Amino acid sequence: MSGCRAPRRLTGRRRLALLAAGTALASLTLSACGEGTSGGSSQTRFVQGKNGIARVDAADRQKVPDISGETTTGKQLDLSAYKGKIVVLNVWGSWCGPCIAEAPNFAKVAKDTEKQGVQFVGINTRDNKTQATSFEDQHKMPYPSLFDPTGKLMLRFPKGSLNPQSIPSTIAIDRHGKIAARSLGPLAEDDLRAMLKPLIAEK
């Protein structure tokens, strides 16, 4: 899954805004659609599976931070509105080759698991709205995405949690609003379903 390319160079105010957030993004050890280091601290207490999905026992899970803002289509979205549901957060960019590769998997699984109480939400980063909405239309994404061009939402995740550290990253949040699992890098359809299966089974 290649084809990772950074966004085109920008000028003016938008470029200054992105540069201002550059140091913060660097702290996430992100590379353009590349994988970062897993974990976060010895307090994370996660178990890394063979499929690259890290999980946390229910007793050790941390609460998801306030994740809210404007979507790629200009609407307001607050993750707390999905209280009682399993939430899948997927960090993506329209310029990211692995994001393109996994998009059909996310669209399919989102539709298949909706009636099981699963809500997918994207976090679009290092992008502009025109490119982001074009990507969503092209891949028929059936769920909203928060627009996070400078990565501010990603930085809200607490240290020691299963925080997003790559583009793409996928975070699974249980019905109690706690971070339960994470994958760094693209997910195949079977792996995405395997990530959700134990959370769906939880009461």
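In which sense do E5 and E8 pair, and over how many bridges? The two strands pair in the antiparallel sense over five bridges; pairing requires that DSSP find at least two bridges between two strands. Helices (H or I, at least four residues) and strands (E, at least two) are DSSP runs, numbered from the N terminus.

This is a predicted model, in which local features need pLDDT of at least 70 and side-chain atom pairs count only at pLDDT 80 or more, while totals for chains, interfaces and linings use all residues. Residues are numbered from 1 along each chain as its sequence is written, and side-chain values use heavy atoms, with hydrogens and water left out.

Select Thr-170 in E8. Its bridge partner is Asn-90, and Thr-170 also stands opposite Ser-183 in E9. E8 and E9 pair in the antiparallel sense over five bridges. In their hairpin, with five residues between the strands, Gly-177 takes a positive phi near 75 degrees.

Next, display all of E8. Five of its five residues are buried (under 20% relative accessible area; exposed is over 50%, partly exposed in between; 1.4 Å probe, protein chains only). Ser-169, Ile-171 and Ile-173 lie on one side, with Thr-170 and Ala-172 on the other.

Move to Phe-106. Beyond its neighbours within four places in sequence, its contacts (heavy atoms within 4.5 Å) include Asn-90, Phe-120 and Thr-170.

Finally, select the largest nonpolar core, which has 47 residues. Such a core is a set of buried Ala, Val, Leu, Ile, Met, Phe, Trp, Tyr and Cys residues joined through side-chain atoms within 4.5 Å. Those with the most contacts inside it are Leu-79, Leu-89, Phe-106, Phe-120 and Val-121.
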